Amino acid sequence: MRTRAKPWLLENLRFAYYFLGVVYLALGLVMLGLEALALLLRESPWGFLIGAVVGLGLGGWFRKLGDPRHEPGRAEALLSIALIWLLVPALGAIPFWIAGGMPYLDALFEAMSGFTTTGATALADFSQFGYSLFFWRSLMQWFGGVGFLVLAVALLAHLAVAGRQLFITESTGVQKEPFTPRLRTTAQSILKVYAALTVAAALCYWVAGVPPFEAVCNALTTLPAAGFSPNPRSFEQYTPLAQWFGTLFMFLGGAGFVLQYRLFFTLDPRPLLRDVELRVYTLIVLVFSLSLAAFLMTHHTRDMNYSWSDALRHAFFNVTSIITTTGYASADFALWVPAAQAILVAAMFVGGCAGSGAGGIKVIRLLVVGAIVRRELIRSLHPQAIITLRLGSKALGEDVMRSVAAFITLYVALLAAGTLTISLLENNFIVGFTASAQAIGNIGPGLGEVGPMGSYAGLEPLSKAILIFQMWAGRIELIPVFLLFTPELWKKLRG
């Protein structure tokens, strides 16, 4: 007797279901722990309880549908990435909705902003959240920064083979050579750096006078280049020393964790000194920061007269925050002169290094674009010349150029569409452009009412939905999202 074949949605997506189930089960357990914390603090536990029930229930069901031994193809890996980063925030929004009293759309906005490490908030009144909800906001960003895929590869032994495709797909920027022979060891090394720097940041913030709870929450959201702070004024009310510590750890969060592992755990600084991307990243931060400091000194902001030390501190802090897509602020730059704001808007289109928690276009892609432009300029003078595209000492293939060109094209197209639509909905171009740019780059603050001390709560519901889509697409580097709209992907998945 012939057995009936399973539908392709069940047969060909077995690893996607299994992986989503594992993530949901893990989040359900975390929510159970936060429910206990809420009860201990005499805060409402219902949001975490319902979230835990949904997470554990759906997680068990998805895990049963899946199969960890099923090696995913490229199409399934890309779909898995898209589904995880869409469905995980849908679960994470439940505590904000039930216990925080937010409309579900605002709660989903907050959760998507959290897991994608964007840092844009739809929370207008910070007094409506208790300690447990603020801690959940910070944990979401810490988990999102390192990536569920890296965590799974590092912690679950049975993903050592099947997880390879997912880890490769999750890697951002141009692929670099692995520094260890085993992928799982690589992921563990990244986690060591990530966790060690988080602990160091918390201690430094505490020493600098930040209240202990805020020091922990800010540390959890600094290294993933995320930006949620339990303080409604971000870093504005902290000491200058805390702001300088913030600048340091944001800079480290925007640098590649692989290189930092070599520095901190093997005491070998040579890879950092040789890395072209890190050198250019450092140079960009210096140039933007010094330019902004000069503007702050020579073009006084409204009711603000900065000394050189204050101008340098605010310039380095806010430039580093925007370039690394963290989104913290040491001052309300929505009140600065337009020229100073223009420097920060330009910084939105840089991003951090590949292999970091930062979003945005990323420095390595800008280097590739620069190399392509230089090659074409030389070819205009020497049409017959054969010129190998290089990044430092490494030759780049045509596949890298095609990938970068496709990414930049999609990035600009999504930015233009979002800017136009949100500007029409809000009747405000500044809000439309900066909100769209920050969402795709996972940055956080824009200008106007969505500035660093503002909130996205007052935007139209459709504007929020568009920004949710842009945050989701930007976090997973656009390609998996746009592939969902191509017939070729679904044909490949059907087999």
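Which residue's side chain meets that of Arg365 in a salt bridge? I looked it up and found Glu477, at 2.4 Å from N to O. I count a salt bridge when a side-chain nitrogen of Lys or Arg is within 4 Å of a carboxyl oxygen of Asp or Glu.

**Ground rules.** I am working on a predicted model, where local features need pLDDT of at least 70, side-chain atom pairs count only at pLDDT 80 or more, and totals for chains, interfaces and linings use all residues. I number residues from 1 along each chain as its sequence is written, and side-chain values use heavy atoms, with hydrogens and water left out. Helices are DSSP runs (H or I, at least four residues), numbered from the N terminus.

**Entry: Arg365 and its partners.** I placed Arg365 in helix 18 (residues 363-381) and Glu477 in the loop between helix 21 (461-475) and helix 22 (479-483), so the pair ties together parts 112 residues apart in sequence. Arg365 and Glu477 are both buried. For burial I use relative accessible area: buried is under 20%, exposed is over 50%, and partly exposed is in between (1.4 Å probe, protein chains only). I also noted that Lys362 joins Arg365 and Glu477 in a network of salt bridges.

**Entry: other salt bridges.** I count eight salt bridges in the structure. One of them joins the side chains of Glu110 and Arg137, 3.0 Å from N to O. This pair links distant parts of the chain: Glu110 sits in helix 6 (residues 104-115) and Arg137 in helix 7 (residues 131-146), 27 residues apart. Glu110 is buried at 0% relative accessibility. Arg137 is buried at 2%.

I then checked Glu376 and Arg379, whose closest N and O atoms are 3.6 Å apart in a salt bridge. They are three residues apart in helix 18, so about one helical turn separates them. Glu376 is partly exposed at 39%. Arg379 is partly exposed at 30%.

**Entry: helix 16.** I tested the length of helix 16 (residues 308-323). Its 16 residues should span 22 Å at 1.5 Å a residue, and its end C-alpha atoms are 22 Å apart, which agrees. The expected span is 1.5 Å times one less than the number of residues. Twelve of the 16 residues are buried, so helix 16 is largely enclosed by the rest of the structure. The buried residues pack against helix 12 (240-254), helix 15 (276-298) and helix 17 (338-347). Thr325 follows helix 16, with a positive phi near 60°.

Asn318 is buried at 0% relative accessible area. A polar atom of its side chain lies 2.7 Å from the backbone oxygen of His314. Beyond four places in sequence, Asn318 has contacts (heavy atoms within 4.5 Å) that include Tyr328, Phe333, Trp336 and Leu344.

**Entry: Leu34.** I found Leu34 in helix 2 (residues 14-40). Leu34 is buried at 4% relative accessible area. Outside four places in sequence, Leu34 touches Phe48, Ser132, Phe135, Trp136 and Leu139. From Leu34 to Ala52 I note 18 residues in sequence and 9.5 Å in space, C-alpha to C-alpha.

Conventions
Helix = DSSP H or I, 4+ residues; strand = E, 2+ residues; numbered from the N terminus. Polar contact = N/O pair within 3.5 Å; in protein donor to acceptor, adjacent residues only side chain to side chain.
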